[in-house]
Amino acid sequence: MRVFSGVRPTGKLHIGNYLGAIRQWLELQEKEDCIFCIVDLHAITTPFHPKELQKNIFETAISYLSSGLNPEKCVFFVQSRVKEHTELSWILGTICPIGELKRMTQFKEKTKKHKKYVNAGLLNYPLLMAADILLYQADIVPVGSDQVQHVELTRELARRFNQKFGNTFRVPKILLPKIGAKIMSLQNPRKKMSKTDTEKGYIGIFDTPKEIEKKVMAAVTDPGKKIVYNPQRKPGISNLLVIYSLFSGKEIKELEKEFRGKGYAVFKKSLISLLITTLEPLRKKRKELLQREVYVREILNKGAKKAQKIATSTMEKVKQNMGLS
Ligand code: AMP
Ligand code: TRP
């Protein structure tokens with residue numbers, strides 16, 4: 001099975017990314033034919049600093065490699081290095097009604113958030129994402145729940161293209177993590193944990209033990225004392241339980257039993273030590289990779305070369321079927 005997923009190179013990665021996306025990638029690279037992409041062309045649809053873009057791409061590469069992504073087991077590369085992404089994106093735009101793009105939740109949210117930055121690229125964002133996926137004939141697309149709508153549009157575009165121009169693309173399936181598809185902000189547990197949140201709202205995968213402790217202790221909890229999973233009534237504690245469960249591999253039910261009658265402080269302290277032990281090796285690996293820039297660049301170069309081969313072959317088929325060549 002071919003697997004494709006992408007990540008935007010915007011700022012630091014947090015445990016939401018780790019539990020919602022990276023962890024799944026790590027499992028998949030062990031058994032499937034995986035292609036993972038740093039989507040820099042998506043990143044420029046929202047405000048960015050040209051001077052920082054390269055740094056962020058490099059940081060993102062290091063984040064994934066530190067987390068355990070293994071370049072021997074998967075293809076790892078930067079989107080803009082393979083020009084076929086933008087080429088196919090243009091083509092897909094010609095079979096996609098504007099209405100379907102305008103109704104995308106992410107488009108609506110981002111135009112609200114960046115009122116002075118409402119550009120056509122933001123509207124066309126899902127087309128580029130569809131191109132990413134279809135270019136590599138992916139069978140499976142592992143993402144967080146916020147990306148479901150985009151993958152559904154991708155499936156629709158693949159079917160439409162195949163119908164209009166003959167069988168060209170595989171129709172990909174979405175793969176969602178079982179629980180933890182949406183880790184919530186520590187400061188507002190009804191909102192998704194996000195890079196654009198306040199520092200205290202998220203735990204970065206490279207946060208120091210001190211930072212982890214401070215942020216977990218300051219995490220918003222709920223009235224009452226019981227450690228029980230109830231996302232409606234107790235969104236704060238439920239979110240912390242999900243995080244605990246995913247990092248420890250213990251069922252939430254088990255945790256409720258373990259912490260029965262113990263109160264929030266004990267639970268938080270235990271979560272802090274769990275997070276520190278799990279994340280410490282990642283911080284060490286990052287330090288090491290920061291010293292080996294040439295090695296990291298080489299990984300991305302090799303990845304781009306492998307990706308290019310597949311992209312070229314799909315585009316040949318696309319152009320032939322459309323009468324463009
Ligand atoms: P982003 O950080 O928005 O570029 O997302 C990168 C990947 O992490 C995507 O697959 C997202 O769906 C996933 N992701 C982002 N934030 C969260 C979150 N709070 N909980 C779970 N998954 C997330
Ligand atoms: N839009 C995705 C996000 O915001 C990133 C992404 C771009 C992606 N292209 C992709 C994810 C292709 C999966 C497959 O997280």
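The model is predicted. Strand S3 (residues 74-78) is largely enclosed by the rest of the structure. Helix H7 (residues 120-135) is mostly covered and gives the largest share of the shell around ligand 2. Gln79 has a polar contact with Asp132, and Asp132 is among the residues closest to ligand 2.

**Strand S3**

- Of the 5 residues in S3, 5 are buried, so the strand is largely enclosed by the rest of the structure.
- Cys74, Phe76 and Val78 point one way from S3. Val75 and Phe77 point the other way. All of these residues are buried.
- S3 pairs with strand S2 (residues 33-38). The pairing is parallel and runs over 5 bridges.
- Val75 in S3 is the bridge partner of Ile35.

- Gln79 sits in the loop between S3 and helix H4 (84-93).
- Its relative accessibility is 0%, so Gln79 counts as buried; the cut-off for buried is under 20%.
- A polar atom of the Gln79 side chain lies 2.9 Å from the backbone nitrogen of Leu41.
- The side chains of Gln79 and Asp132 are joined by a polar contact of 2.9 Å.

**Helix H7**

- H7 has 16 residues, and 13 of them are buried.
- At 1.5 Å a residue, H7 should span 22 Å. Its end C-alpha atoms are 22 Å apart, which agrees with that expectation.
- H7 also holds a kink of about 40°, centred on Pro126.
- Asn119 makes a contact at the start of the helix. One of its side-chain oxygens reaches to within 3.0 Å of the backbone nitrogen of Gly121.
- Gln137 follows H7 and has a positive phi, near 50°.

**Ligand 2 site**

- Ligand 2 is surrounded by 13 residues. The closest are Arg8, Tyr125, Met129, Asp132 and Gln147.
- Arg8 places a polar side-chain atom 3.3 Å from an oxygen atom of ligand 2.
- Asp132 places a polar side-chain atom 2.7 Å from a nitrogen atom of ligand 2. The Asp132 side chain also has the polar contact with Gln79.
- In the side chain of Gln147, an N or O atom is 3.0 Å from a nitrogen atom of ligand 2.
- Ligand 2 exposes 370 Å² when taken alone, and the protein buries 93% of that.
- Strand S1 (2-7) and H7 are the elements that give two or more residues to the shell around ligand 2.
- H7 supplies 4 residues, the largest share of that shell.

**Ligand 1 site**

- Around ligand 1 there are 16 residues. Asn17, Asp146, Ile183, Met193 and Lys195 come nearest.
- The side chain of Asp146 has an N or O atom 2.6 Å from an oxygen atom of ligand 1.
- Taken alone, ligand 1 exposes 470 Å², of which the protein buries 94%.

Conventions: Residues numbered from 1 in each chain as written. Chains lettered and ligands numbered in written order. Predicted model: local features only at pLDDT ≥ 70, side-chain atom pairs only at ≥ 80, totals over all residues. Heavy atoms only, no water. Buried < 20%, exposed > 50% of the residue type's maximum accessible area, 1.4 Å probe, protein only. Pairing = 2+ DSSP bridges. Expected span 1.5 Å × (residues − 1). Bend = angle between axes of the 7 residues up to and from the residue. Polar contact = N/O pair within 3.5 Å; in protein donor to acceptor, adjacent residues only side chain to side chain. Near = heavy atom within 4 Å. Areas by Shrake-Rupley, 256 points an atom, 1.4 Å probe, with all protein chains shown as cover.
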